Amino acid sequence: MTRGSNAISTDERVISGANGWVMLVILLVAVGFGFLLIVTPGGPAKFVAGVVMLVVAGFCLKGLFTLEPNQAAVMIFFGSYAGTLRESGFFWVNPFYARTRVSLRINNWNTPVLKVNDERGSPIEIAAVVVWKVVDSAEAMFQVDNYENFVHVQSEAALRNLATTHPYDAHVEGQMSLRGNTAVVADALKREVQARLEKAGVEVLESRISHLAYAPEIANAMLRRQQASAVIAARTKIVEGAVSMVQMALDELAKRSVVQLDEERKAAMVSNLLVVLCSERETQPIVNSGTLHN
């Protein structure tokens, strides 16, 4: 004996409700007429008819409700999905419908600061802002237990996964890093969060890193490392510029025949110019006033 169940469709079906003002007038007239039947003499049948009309009209008043802009109402009829009303205004629907309101407005979720290890295993602190909204109310209601909590948990999971697959800083030219490629990282984070929230009827509009720092226990060491890398990079540029200037000086001297230098004097000149150009402090020149011959 096999056991099966009828799957309830979770694709959103948009329905429309009756004009609430028209139904309100009709129901109020029905209530007044029923009350009139009760208070006027006419026998038990008339009294029972008035009571029944009051009960039915009063029950039908449950079908009146309002919807604000960017709000949806999911209708459930005895456990089955009946449809979603998306229009704003005053409406009347079947009073047997159980209604659940779902906000379609744009929401911001700022994740807590997470402590994770980056691609190189260095502990870092990272947080992100996720901008999202519900686009399919049926999926948001029936595919997950609590779509807001689902957004929070999956956003944090996507952020953790992103942090572990990228280094904090790029130590190789052309390498993508969390700190150096913010736009690319934000786009990758948005795609990953969207892939996780697709089943919940949620659209991710934007996702960006809002906090990024080394963990306190390694912050000082990483700061010294960054300073050392900056010094090395600056020194490299200085040496490259100094070598170019020395080469230019030698070429100009040879081109204009200002002085003829042998290899030994060229080496001495190159050494002196490099000291002058690469030194961190101002150099003190020594002027040769002549040679003493005995």
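## Salt bridges

The predicted model contains 6 salt bridges, each defined as a side-chain nitrogen of Lys or Arg within 4 Å of a carboxyl oxygen of Asp or Glu. One of them joins the side chains of R86 and E12, with an N to O distance of 2.9 Å. This pair links distant parts of the chain, 74 residues apart: R86 lies in the loop between β5 (80-85) and β6, and E12 in the segment before β1. Helices (H or I, at least four residues) and strands (E, at least two) are DSSP runs, numbered from the N terminus.

## Basis of the values

Residues are numbered from 1 along each chain as its sequence is written. In this predicted model, local features need pLDDT of at least 70 and side-chain atom pairs count only at pLDDT 80 or more, while totals for chains, interfaces and linings use all residues; side-chain values use heavy atoms, with hydrogens and water left out.

## The sheet of three strands

An open sheet of 3 strands runs in the order β2-β6-β3 with antiparallel pairing, where two strands pair if DSSP finds at least two bridges between them. Its edge strands, β2 (18-19) and β3 (64-67), each pair on one side only. Between β2 and β6 (residues 89-92) there are 2 bridges in the antiparallel sense, and N19 has F91 of β6 as its bridge partner.

Helix α1 (residues 20-39) packs on this sheet and touches β2, β3 and β6, contact meaning heavy atoms within 4.5 Å. The direction of α1 makes about 50° with that of β6; axes are lines fitted to C-alpha atoms, for helices over the stretch in contact, and angles run from 0 to 180 degrees between N-to-C directions.

## The sheet of four strands

A further open sheet has 4 strands in the order β1-β5-β4-β7, with mixed pairing. The edges are β1 (14-15) and β7 (98-103); each has a single partner strand, so one side of each lacks a neighbour in the sheet. Strand β4 (residues 71-77) pairs with β7 in the antiparallel sense over 6 bridges, and V74 stands opposite T100 in β7.

## Helices α4 and α5

The axes of α4 (residues 147-164) and α5 (residues 182-197) come within 9 Å and cross at roughly 135°. The two helices are therefore oblique to each other: angles under 35 degrees count as roughly parallel, over 145 as roughly antiparallel, 65 to 115 as roughly perpendicular and the rest as oblique.

Residues of α4 in this contact include F150, V151 and L162, and those of α5 include V185, L189 and R196.
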